[in-house]
Amino acid sequence: MNKDWKNLKQSANGIPTNESLIPYVLEVLKDGEEATNRVMKDRVVRFLQIPDSVVAVKYPDYPDGESILMNRFSFAISNLYKAAAIERTKRGVYKITEAGLSLLNQYGDTLTKKMLEEVPAYQNYMQELALRNKRTGNKAPIPETEQEEVKIEVESLINNQNNEVAIELLDKVRQVDPSFFEKLVVDLLVAMGYSGKNGDAKVTNRSNDGGIDGIINQDPLGTNTVYIQAKRYMEANTVGRPAIQSFYGALAGVNADRGVFITTSGFSSGAQEFAKNQGIVLIDGIKLTELMMQYGVGIEVAKVYKQFRIDNDYFENEL
């Protein structure tokens with residue numbers, strides 16, 4: 001494994017490219033221990049003996065921002081995460097995966113972004129990101145570039161980053177206990193206002209739920225009730241028509257005509273057709289996380305930016 005930063009591919013300003021850093025992030029994590037974002041970057045800097053003068057270089061237009069090298073580390077870490085070569089065990093903390101160890105053992109310091117792009121996990125990630133960007137009307141993802149003068153449309157960048165957060169959120173939701181997932185979807189519908197001013201919401205008893213995972217009474221008398229079924233499935237486990245028919249039967253058993261079926265995966269065309277004909281609302285994994293982010297369930301605001309404009313009304317009364 002190369003240990004001299006001077007041998008890395010560099011951009012015109014003499015800073016290593018984000019792609020050149022990819023294998024070294026895996027190298028400093030190969031012992032299997034968890035490491036924070038900051039610790040990973042420091043380890044790579046020491047491993048490659050990158051001088052402080054290089055680490056400290058910043059973009060001329062952003063003298064108060066992070067350094068160019070640290071920014072490029074973020075891209076390298078992001079690409080490894082997309083390829084499931086590393087995983088986030090908690091906020092800002094990473095750990096190498098078996099897939100990451102395999103890539104490191106196979107390619108060493110020749111590992112490139114193009115190789116990561118060929119990994120099925122990376123392709124699945126990008127397909128979901130493209131779908132989310134399409135649903136939200138966002139433009140194509142911002143391309144990674146080493147050119148500092150490239151202008152980035154802020155709104156598009158933020159939307160793209162939020163969609164990436166949504167992908168990570170969905171992955172996290174897929175890992176929770178089924179009973180927690182049922183509570184999560186009830187909390188979400190309450191946050192959306194479905195319980196009304198004086199209503200109540202609850203998760204049903206798992207041993208005798210009759211196919212109903214949650215109940216929301218929209219008024220004290222329970223005259224307007226929403227019944228919920230929640231299925232925490234992995235991406236490939238698509239919900240088919242039989243599952244929706246079974247839910248419809250459970251609704252009929254309690255004389256209900258309002259049902260919401262929520263899953264972390266997706267629905268087959270047959271399931272969607274049947275649900276539409278029976279008035280059952282379907283929420284797939286992508287829609288679920290969109291709603292969680294919209295209503296602040298399991299998510300928090302990282303930072304708020306202010307954009308100013310001229311108040312022309314103020315100047316209309318100028319004498």
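Modeller: Helix α7 has 16 residues and reaches 23 Å from its first C-alpha to its last. That is close to the 22 Å expected at 1.5 Å a residue. The expected span is 1.5 Å times one less than the number of residues. Helices here are DSSP runs of H or I with at least four residues, numbered from the N terminus.

A word on the source. This is a predicted model, where local features need pLDDT of at least 70, side-chain atom pairs count only at pLDDT 80 or more, and totals for chains, interfaces and linings use all residues. Residues are numbered from 1 along each chain as its sequence is written, and side-chain values use heavy atoms, with hydrogens and water left out.

Now look around the axis of α7. Tyr122, Tyr125, Glu128, Leu129, Arg132 and Asn133 are buried in α7. They cover an arc of only 140 degrees around the axis, so they sit on the same side of α7. The arc is that of the directions from the helix axis to the C-beta atoms. On the other side of α7, Pro120, Gln127 and Lys134 are exposed. Buried means under 20% relative accessible area, exposed means over 50%, and partly exposed lies in between, with a 1.4 Å probe and protein chains only.

Next, the partner. Two packed helices are described by the angle between their axes and the distance between the axes. Helix α4 (residues 68-82) packs with α7 (residues 120-135) at an angle of about 100 degrees. Their axes are 7 Å apart. Axes are lines fitted to C-alpha atoms, for helices over the stretch in contact, and angles run from 0 to 180 degrees between N-to-C directions. α4 and α7 are therefore roughly perpendicular to each other. That label covers 65 to 115 degrees; under 35 is roughly parallel, over 145 is roughly antiparallel, and the rest is oblique.

Which residues meet? From α4 come Asn79, Tyr81 and Lys82. From α7 come Ala121, Tyr122, Tyr125 and Met126. Contact means heavy atoms within 4.5 Å. By class, the residues of this contact divide into 5 nonpolar, 1 polar and 1 charged. Ala, Val, Leu, Ile, Met, Phe, Trp, Tyr, Cys and Pro count as nonpolar, Asp, Glu, Lys and Arg as charged, and the others, Gly among them, as polar. Tyr122 and Tyr125 are buried, and both take part in the contact with α4.

Last, the end of the helix. α7 is followed by Gly137. The phi of Gly137 is positive, near 70 degrees.

Note on methods:
Helices (H or I, at least four residues) and strands (E, at least two) are DSSP runs, numbered from the N terminus.
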